[in-house]
2 protein chains.
Amino acid sequence: MKVFDTQDIKSMSKIFRLNLINSITGIKPANLIGTKSKDNLENLAIFSSVVHLGSNPALLGMISRPQHNKLRDTYANIKETGYYTINHVSSNFIKKAHYTSAELSSDTSEFEVMNLNPEYLQNFYAPFVNQSLVKIGMKYIQSLDLPNGCILIIGEVQLIQLPEKSINNSGQINLEEHEAVGISGLDTYYSLKKLEQFPYVNKNEIPDFFD
Amino acid sequence: MKVFDTQDIKSMSKIFRLNLINSITGIKPANLIGTKSKDNLENLAIFSSVVHLGSNPALLGMISRPQHNKLRDTYANIKETGYYTINHVSSNFIKKAHYTSAELSSDTSEFEVMNLNPEYLQNFYAPFVNQSLVKIGMKYIQSLDLPNGCILIIGEVQLIQLPEKSINNSGQINLEEHEAVGISGLDTYYSLKKLEQFPYVNKNEIPDFFD
């Protein structure tokens, strides 16, 4: 077994710590965040920090690091315009999705360079990713400052488009159906395979015996 | 294609919305949160909302719904004692892990009922899960109130234990090595298979052509 204590974590190299702490939480969702500036410049950035906050109202969060150019574009556009989109990354375009993290000049759109196509649905202000099979339109609600200078961006789900076959009668999405992927750390992509589904658990349904 | 707009989301049945909004973010990490009350009662609860906040200092967040008994036990213990553990769920104990969400009486420990074994490392106050191969010791830093009444619990990584073969020389964790799983929605578990790893991206490394 390998053990790292507080002192080890403080004194390890920057790259080693970045990789370790970014991969320590387990698998993360792979989503492309689409925005458009007031000047109509489209922006696209990959995020692995989208997190469910609540279902009613339908709120999602994501973490932004203000010192990073890519994320600053995204956050600036969200604050300025009030809208953004979340688009699931499927296995057939992980390379394009990953390279949206490249540092482009600020007047260049990742959509164009990575050959991902912007798509506008129902007059929603922010662009969706055409290649993405699960598309979510978000309205910005507020942001909270975190103790490390990062920001939790909170938004409300306003629009969802996904393939009929990806969702069942109970509202559950089958991630395998559209080959959704997960991210570990900063740069490693995983495919997903459904293992098992359990019933809603209440007191009377606890199995008598766990071996 | 299936489309849900704001009005659809508001008027759909509670269960359908719970399932849809809980699964809309994509894959989520499966972690067991271990705590111990001041009275030495151990508690274990599954969380799918653990999120990376920053690497230096090494901060992780997770979302707690205060109205839910299980999570309230976890949050109460964290606030009271200042410590908790995050333990990766592997495929060989997903059923036990899932059933920690059952509502037990408050003097019963999920460790005992689910036959998961508490383990204490380096005098850390909170219990780890013996069956888990990646174990993280956390110190509570602060919590932030979210607009929906939920709470973002923020903690600092103080201790990490994992198998030698699960981590490479760059600090990257191989999730396949210990058969870590992901969660979709409230109750569906997925296995992970490594697809591809890309280099760190900078401007000069953008591929010339994306087809």
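This is a predicted model: local features need pLDDT of at least 70, side-chain atom pairs count only at pLDDT 80 or more; totals for chains, interfaces and linings use all residues.
**Exercise 1.** Find which residues B:Val157 is in contact with, leaving aside its neighbours within four places in sequence.

*Solution.* Start with the rule: two residues are in contact if their C-beta atoms, placed from the backbone, lie within 7 Å. Now list the partners in chain A: A:Ile9, A:Ile21 and A:Ile24.

Residues are numbered from 1 along each chain as its sequence is written, while chains are lettered from A and ligands numbered from 1 in the order in which they are written.

**Exercise 2.** Work out which strands pair with strand β11 (residues 151-162) of chain B.

*Solution.* Strands here are DSSP runs (E, at least two residues), numbered from the N terminus, and two of them pair if DSSP finds at least two bridges between them.

- Step 1: β10(B), residues 135-145, runs antiparallel to β11(B) over 10 bridges, with B:Ile136 opposite B:Ile160.
- Step 2: β6 of chain B, residues 58-64, is antiparallel too, with 6 bridges; B:Ile63 has B:Leu152 as its bridge partner.
- Step 3: cross over to chain A, where β1 (residues 2-5) joins β11(B) through 4 antiparallel bridges, and A:Val3 partners B:Gln161.

**Exercise 3.** How many residues of chain B are in contact with chain A?

*Solution.* Count 99 in chain B, touching 99 in chain A. Strand β13 (residues 188-197) of chain B gives the most to that side, with 10 residues.

Note on methods. A residue is buried if 20 or more other C-beta atoms lie within 10 Å of its own, exposed if 12 or fewer, and partly exposed in between; C-beta atoms are placed from the backbone.
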